[in-house]
Amino acid sequence: MRITVSLIKADVGGLAGHVVVHPKLEELARKRLEEARETGLLIDFYVYHVGDDLQLLMTHTKGENNAEIHKLAWDIFVEVTEKVSKPLKLYGAGQDLLKDTFSGNIKGMGPGCAEMEFEERRSEPILVFSADKTEPGAWNYKLYRIFADPFNTAGLIIDPAMHSGFIFEVVDVYEHKSVKLSTPEESYDLLALIGTPGRYVVKRVYRKSDGEIAAVSSATRLSLIAGRYVGKDDPVLIIRAQHGFPATGEVLEAFAFPHLVAGWMRGSHTGPLMPVPLRYAQCTRFDGPPRVVGLGFQLHDGRLEGPVDLFDDPAFEMTRRMAEEVADYMRRHGPFMPHRLGPEEMEYTTLPSVLEKLKARFVPAEAE
Ligand SMILES: O=P(O)(O)OC[C@H]1O[C@](O)(COP(=O)(O)O)[C@@H](O)[C@@H]1O
Ligand SMILES: [Mg+2]
């Protein structure tokens with residue numbers, strides 16, 4: 001049976017600033033998705049949040065980029081904005097809805113979207129990850145560790161189905177071009193690109209032996225669509241696990257190191273990506289630190305069994321402690337790089353308007 005998993009998210013209003021999604025937004029979204037399940041449009045769904053981003057996880061048989069599914073998500077974001085965010089004056093009501101009318105595909109309209117279609121296996125574990133206060137390139141490091149680094153993923157050495165490696169599809173978000181690179185043989189080329197996560201973003205990963213889709217992320221950069229700062233993209237990621245794909249624990253292992261990502265306060269700072277359970281999925285200190293939630297499901301004929309709240313485990317306490325220490329260390333740099341992002345990344349923040357004011361005051365400098 002061919003199943004499509006669609007994870008579509010948007011920031012349509014935050015409670016107490018950009019901290020968390022209001023429960024009423026989730027309630028109304030659940031109601032509408034329940035109706036869509038009753039009509040048969042959806043097989044199943046799960047609504048959750050990370051920070052101020054409302055997450056709609058849906059399963060169906062309509063394929064990727066389906067107008068009905070995308071419209072369902074778009075209409076929900078619009079309705080919850082009108083009926084909940086605006087009356088309650090939630091912060092940044094409708095923030096990610098960059099266009100007025102739906103035009104067939106939600107991509108490029110503001111919300112983030114990751115979708116994959118596949119033949120459901122005899123047993124199909126899927127893992128979904130959602131991050132707040134960071135950008136899509138934040139997954140680059142994790143995806144490399146999961147699908148190309150045998151020090152993370154034992155199966156790359158041990159499992160014959162994975163031994164020939166994976167193919168990474170990388171998007172240049174500035175040039176709107178993509179390239180496929182094959183690991184392990186092109187690992188260094190891959191790293192040459194994805195080590196610049198603000199520009200090169202891993203969009204998909206395929207198993208090399210049979211071309212099966214293994215992972216897909218949301219790879220849009222909102223500021224490049226809007227041409228101005230509209231918050232970070234707060235990306236999502238779907239990964240298939242086990243039996244010829246990395247085991248659930250191999251996927252999670254990549255999250256045990258809270259690597260540094262761009263985002264955090266005003267989308268302008270470097271900070272550690274902290275893996276948290278759903279109950280800690282709110283961004284507080286300096287609007288962060290950037291955080292990620294992970295949910296695990298078993299699919300059965302497209303139905304979502306679960307979730308398992310994957311980071312709700314003492315095994316990730318040390319990671320969180322390390323993230324807190326790194327957060328504290330980075331914070332002490334205040335407005336200095338590398339805590340504050342470099343000039344290229346700051347271009348789409350509100351900093352250029354501040355610098356503009358100083359322009360006229362510059363005079364030729366003395367010869368040194
Ligand atoms: O100028 P404002 O409206 O207070 O916006 C600043 C806000 O933008 C943000 O960068 C937005 O974060 P999100 O991308 O999660 O919406 C917050 O960190 C910060 O509070
Ligand atoms: Mg957000």
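**Annotated positions and domain contact**

Author: Under "active site", the unreviewed UniProt entry lists Asp11, Tyr229 and Lys232. UniProt positions follow the numbering used here, feature names are shortened, and annotations may be inferred rather than shown by experiment. This is a predicted model, in which local features need pLDDT of at least 70, side-chain atom pairs count only at pLDDT 80 or more, and totals for chains, interfaces and linings use all residues. Residues are numbered from 1 along each chain as its sequence is written, while chains are lettered from A and ligands numbered from 1 in the order in which they are written.

Reader: Is Lys232 buried or exposed?

Author: A residue is buried if 20 or more other C-beta atoms, placed from the backbone, lie within 10 Å of its own, exposed if 12 or fewer, and partly exposed in between. Lys232 counts as buried because it has 27 C-beta neighbours inside 10 Å.

Reader: Which residues does Lys232 touch?

Author: Contact requires C-beta atoms, placed from the backbone, to lie within 7 Å. Leaving aside residues up to four places away in sequence, Lys232 touches Lys133, Thr134, Glu135, Gly263 and Gly267.

Reader: How is the protein divided into domains?

Author: Domain bounds come from an automatic or database domain assignment. Here they give domain 1 (1–119) and domain 2 (120–350). Their centres, taken over C-alpha atoms, are separated by 21 Å.

Reader: How many residues does the contact take from each domain?

Author: The contact takes 35 residues from domain 1 and 39 residues from domain 2.

Methods:
Contact = placed C-beta atoms within 7 Å.
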